[in-house]
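Please keep the view open and find each part as it comes up.

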Amino acid sequence: MKRFSLISNFTALLWNTLWVYVAYMLCRLAFVLVNLSTYPDLSLSHAFHLFGAGIIFDTTAILYTNALLMIFFLFPLHYKETKGFYTVSHWLYTIINTFCICLNLIDCVYFQFTGKRTTLSVLNEFSNEGAGNMTKILAEQFIANWYLVLLAIIIGIGFWKLYRRPTNIPVLHKPAYYILYSLLIIIITPLTIAGIRGGFSSATRPITISNANQYVNKASETGIVLNTPFAIIRTFNKTPFVTPNYMAQEEVENYFSPIHIPADSMQFKAKNVVVFILESFGKQHIGYYNKTLNGGTYKGFTPFLDSLITHCALTYQYSYANGRKSIEGMPSILSSLPNYVEPLFLTPASLNRMSGLARELSEHKGYSSAFFHGAINGSMGFEAFAKATGFQRYFGRTEYKQDPNYHGDDDFDGTWAIYDEEFLQFYCDRMNEMQEPFMTAVFTASSHTPYHLPERYKGKFPKGVERIQECVAYSDNALRNFFNKAKHQKWFKNTLFVLTADHTSRNYDPCFTTPLGMSCVPIILFSPSDSTLRGYDTERVVQQADIMPTVLNYLGYDIPYFAFGQDMLNTPADKTIAMHWVPEVDGYEFVKGNYAIEFDGNRVTHAYHYRTDSTLQHNVLHTMPQDTLSQMERQMKAFIQSYMYRMNNNKLTVEE
């Protein structure tokens with residue numbers, strides 16, 4: 001019986017590949033266990049279905065990342081002649097696949113903050129962090145999630161130990177060997193192509209992140225089906241802003257224009273403007289918005305904010321973030337530039353000239369302006385954003401340490417930033433020195449992983465279901481202390497305060513684990529001298545991008561300006577909208593009136609009556625009024641086309 005070394009190569013390749021599939025499945029199981037609160041209704045049968053669907057996406061990732069190893073194993077030479085190849089492949093197999101496993105395990109934790117598998121853009125998001133700071137952050141995360149680190153080590157060792165080299169079998173008949181090799185390549189090549197594309201049909205386009213939706217019952221389950229290497233590969237070199245051709249550009253203007261022309265009757269009042277961007281303060285943590293939870297006994301973790309809203313502020317039941325990350329929230333809040341596809345400041349469009357509250361008020365109304373963030377200067381690209389949108393000054397950890405009235409790095413949380421209580425007191429002091437009128441914004445930091453609190457506050461706040469909630473309670477108390485100090489300052493009564501969150505976090509209640517629920521952030525307006533800003537608006541649909549036009553219109557700003565949002569105070573409720581990018585469906589969610597629709601870029605795939613179906617259980621796409629659906633779809637397409645066109649053509653100001 002003649003034996004050929006190629007058979008040994010092929011069986012060794014199958015053996016090694018099998019263990020990679022097993023490792024990906026172990027990571028998927030770890031992902032579900034770590035994020036179990038996100039999937040409270042996940043049945044065993046449905047989990048098997050999702051795991052099975054995941055094999056399709058695992059296959060694409062494994063074939064891409066192991067392509068070089070496949071070439072090594074199927075190289076048409078005798079094992080003895082290519083022994084060096086297999087030594088190298090042993091190392092490559094272990095290193096490459098262990099790295100991919102680490103990416104999957106990291107997302108077990110990171111998914112809780114973004115609601116999606118990590119894409120290539122996340123590397124750019126952290127590019128402004130210094131090497132020392134990133135090392136410290138990673139070290140703390142490794143310690144906090146030691147069990148995942150241990151799992152990665154075990155799997156890595158398993159790859160090394162289980163790796164199989166081909167058996168050294170002599171090639172007795174080389175002609176037959178090459179014929180067999182050729183036949184094997186003919187068989188393997190189309191199978192490999194099909195595996196990478198996700199199907200055999202010539203009509204099948206290569207599967208993308210959005211294809212995961214066909215296997216899930218709700219969008220958050222795409223995190224189970226997908227794997228992180230696949231998500232990174234499919235977003236590599238992806239152009240985020242592609243201008244669609246849904247309609248003629250002239251028709252777009254009939255549906256939507258970001259150019260705001262104030263009425264001639266506008267009379268400007270020079271009030272100060274103070275914007276709080278509260279790290280991860282999703283509505284789930286705020287008692288006021290959740291009065292019906294737990295039979296009406298849910299108190300939340302923000303007693304100060306609850307009191308402020310109840311007695312002297314205006315807020316909204318249906319208020320949404322325009323992104324899932326801090327760097328996505330800032331342009332929406334301060335420049336009315338929502339996030340779609342990828343964060344604006346991680347794309348070439350970040351070089352565009354942009355408008356913003358600071359630029360409009362400082363350049364045209366003589367305001368002084370400053371941005372505050374207690375992290376190391378330059379962190380997360382915040383300083384660059386502040387400069388690009390017209391803030392005159394930036395106060396970070398560096399400036400805090402220079403103030404002799406504070407304790408410098410003694411108030412540093414050891415990872416990210418100065419603790420919120422001290423930094424907000426510093427914030428108040430700096431505004432006391434600013435010339436009025438002024439426009440400032442502060443980005444808090446303490447309600448951020450790894451959730452450190454000052455020693456004096458440990459055990460003082462309720463812990464809640466998630467670790468972040470204790471820190472939310474701490475930051476809420478820091479807000480209370482800020483306002484206790486600010487109310488005695490001469491500028492306080494002549495100030496409009498806006499409080500919102502950059503994004504949500506750690507969602508576990510079913511109402512907040514839907515794509516819409518994962519965008520639920522507070523938007524609160526408070527002016528000590530204006531009793532008209534009171535109450536709870538349950539009709540309007542508002543979003544972060546509405547903050548800038550609302551503030552400018554409230555001030556009576558009488559100069560044309562650029563903004564993708566609307567005035568929350570004066571736009572009729574039936575005209576208000578919210579729209580955000582939903583990574584789980586690789587598309588958009590558009591909210592207007594009673595309905596929220598999901599759009600994949602080509603067609604509307606789902607519709608929900610979200611006001612009565614808060615967990616989005618019932619797809620009413622085919623039963624809702626079709627004229628309403630048509631109007632919503634047309635308006636949404638106009639919005640998208642205008643946004644993409646202006647991003648690509650540097651038309652983000654009135655002058656452009």
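1. Asp420, Glu421, Glu422, Leu424, Gln425, Tyr427, Cys428, Asp429 and Met431 in helix 17 meet Tyr474, Ser475, Ala478, Leu479, Asn481, Phe482, Lys485 and Ala486 in helix 18, where contact means heavy atoms within 4.5 Å. By class, this contact has 9 nonpolar, 3 polar and 5 charged residues; Ala, Val, Leu, Ile, Met, Phe, Trp, Tyr, Cys and Pro count as nonpolar, Asp, Glu, Lys and Arg as charged, and the others, Gly among them, as polar.

2. This is a predicted model, in which local features need pLDDT of at least 70 and side-chain atom pairs count only at pLDDT 80 or more, while totals for chains, interfaces and linings use all residues. Residues are numbered from 1 along each chain as its sequence is written, and side-chain values use heavy atoms, with hydrogens and water left out.

3. The axes of helix 17 and helix 18 come within 8 Å and cross at roughly 25°; axes are lines fitted to C-alpha atoms, for helices over the stretch in contact, and angles run from 0 to 180 degrees between N-to-C directions. Helix 17 and helix 18 are therefore roughly parallel to each other, a term for angles under 35 degrees.

4. Taken by itself, helix 17 covers residues 420-433, and its 14 residues reach 20 Å from the first C-alpha to the last, close to the 20 Å expected at 1.5 Å a residue, the expected span being 1.5 Å times one less than the number of residues. Helices (H or I, at least four residues) and strands (E, at least two) are DSSP runs, numbered from the N terminus.

5. Is helix 17 mostly covered or mostly open? Of its 14 residues, 12 are buried, which is to say under 20% relative accessible area (1.4 Å probe, protein chains only). Among the elements that cover these buried residues are strand 2 (272-278), strand 6 (438-443) and helix 18 (468-486).

6. A second pair to look at is helix 14 (residues 357-365) and helix 19 (residues 547-555), which pack at an angle of about 30° with their axes 10 Å apart. Leu357, Glu360 and Leu361 of helix 14 make the contact with Met548, Val551, Leu552 and Leu555 of helix 19, and by class it has 6 nonpolar, no polar and 1 charged residues.

7. Finally, Arg324 lies in the loop between strand 3 (314-320) and helix 13 (326-335), and it is buried, with a relative accessible area of 7%. Leaving aside neighbours within four places in sequence, the contacts of Arg324 include Phe113, His503, Met518 and Glu584.

Notes:
Buried means under 20% relative accessible area, exposed over 50%, partly exposed in between (1.4 Å probe, protein chains only). Angles under 35 degrees count as roughly parallel, over 145 as roughly antiparallel, 65 to 115 as roughly perpendicular and the rest as oblique.
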